[in-house]
Amino acid sequence: MFIGFDPLWLVFAIPGLLLGIWAQFKLSHAYGKYSQVRVDSGMTGAEAAREILDHAGLTNVPVEEIPGRLSDHYDPTKKALFLSSDNFSGQSVAAVGVAAHEAGHALQHQAAYGLFNFRMAIVPVTQFANYAWMGILLFGWILARQHYSTIITMAVGIFSILTLFQLVTLPVEYDASRRAKDQLFRLGLVHEHERAGVSKVLDAAALTYVAALVTTVMQLLYFLYRMQNNRR
């Protein structure tokens, strides 16, 4: 059975949960520390992102401010870069690093980076799968008990799409950080002694994606284990 509390679920859930807590702690610590360290250039995050985009010929990609904390993202459908207020106007190592990371996604889009394009292509089906797998599972338990094995298989198959999305996201995020660091130092937007701070902030952010992948993989393994047992 899938419905109800299963102690075995904890065995699969705890690794991702602990890693997620550690990742959030690392990100909060690194971002908090380096958001207090002003970059020598005095540039804001928005200015740094604008410099990187313009240098790459992406003058048509706007950099806009949005509310929220660490809500920064690049929207490939709008071809626009959105920065949270702290990073948009902040003149810190953290603000510039995060802004450059998001600009790195714009550079991926421009270069037609394969994994970036693949992730963008599967976003709609991932959004559907994020809700559909649980709905199908509940439907099978409540209304179609005689076909429960088939419905479990369908739910697990849909959930595997979420795992694939997380698997693709991880290298995309690391590549965006690599591009960000390259551009920041090549364009002289940050100096050598600021390199460690930028790396710590971006590496901590990347760790949250590692945690998300581990959590999703472990949940998929749990479902596969239960599905196998249900067939016996």
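This is a predicted model: local features need pLDDT of at least 70, side-chain atom pairs count only at pLDDT 80 or more; totals for chains, interfaces and linings use all residues.
Figure 1. S84 is found in strand β3. When residues up to four places away in sequence are not counted, S84 touches I66, G68, L70, S71 and D72.

**Figure 2. The chain as a whole.** The chain holds seven helices and three strands. Along the sequence, these elements follow the pattern α-α-β-β-β-α-α-α-α-α. Taken along the principal axes, a box of roughly 65 × 35 × 25 Å is filled by the C-alpha atoms of the chain. The chain has 232 residues, of which 47% are buried. Among contacts between residues at least 6 apart in sequence, 73% join residues at least 24 apart. The chain exposes about 11700 Å², and carbon and sulfur atoms supply 62% of this area.

**Figure 3. The largest nonpolar core.** In soluble globular proteins, nonpolar side chains tend to be buried together. The largest nonpolar core of this chain has 38 residues. Which of its members touch the most other members? They are I52, L53, V63, L81, L184, V190 and V201. The elements that give two or more residues to this core are α1, α2 (45-55), β3 (80-84), α4 (93-111), α6 (148-186) and α7 (195-231). Helix α4 gives the most, with nine residues. Apart from this core lies another core, of 16 residues, which includes F12, L162, L220 and Y222.

**Figure 4. The contacts of L184.** L184 is one of the residues that touch the most other members of the largest nonpolar core. Leaving aside residues up to four places away in sequence, L184 touches I52, V96, G97, A100, L189, V190 and V198.

Figure 5. Side chains of opposite charge can pair when their charged atoms come close. D175 forms a salt bridge with R178, and the closest N and O atoms are 2.9 Å apart. R178 and D175 are three residues apart in helix α6, so about one helical turn separates them. D175 also meets R179 in a salt bridge, at 2.5 Å from N to O. R179 and D175 are four residues apart in the helix, and the separation is again about one helical turn. Are these residues buried or partly exposed? D175 is buried, with a relative accessible area of 10%. R179 counts as buried at 17% relative accessibility, whereas R178 is partly exposed, with a relative accessible area of 42%.

Figure 6. K181 forms a salt bridge with D203, the closest N and O atoms being 3.5 Å apart. K181 lies in helix α6 and D203 in helix α7, so the pair ties together parts that are 22 residues apart in sequence. K181 is buried, with a relative accessible area of 18%, whereas D203 counts as partly exposed at 40% relative accessibility. Salt bridges that share partners also join D175, R178, R179 and D182 into one network. The count of salt bridges comes to seven.

Figure 7. W9, L10, I14, L17, L18 and I21 make a nonpolar surface patch of about 570 Å². W9 has its place in helix α1, which runs over residues 7-34. W9 is partly exposed, with a relative accessible area of 37%. A residue may belong to a patch if its relative accessible area is over 30% and it has no salt bridge.

Notes: Residues are numbered from 1 along each chain as its sequence is written. Side-chain values use heavy atoms; hydrogens and water are left out. Patches are made of residues with over 30% relative accessible area and no salt bridge: like charges are joined within 9 Å, nonpolar side chains (Val, Leu, Ile, Met, Phe, Trp, Tyr) within 5 Å. Accessible areas come from the Shrake-Rupley method with a 1.4 Å probe; for residues, only the protein chains shown count as cover. A salt bridge is a side-chain nitrogen of Lys or Arg within 4 Å of a carboxyl oxygen of Asp or Glu. Buried means under 20% relative accessible area, exposed over 50%, partly exposed in between (1.4 Å probe, protein chains only). A nonpolar core is a set of buried Ala, Val, Leu, Ile, Met, Phe, Trp, Tyr and Cys residues joined through side-chain atoms within 4.5 Å. Contact means heavy atoms within 4.5 Å.
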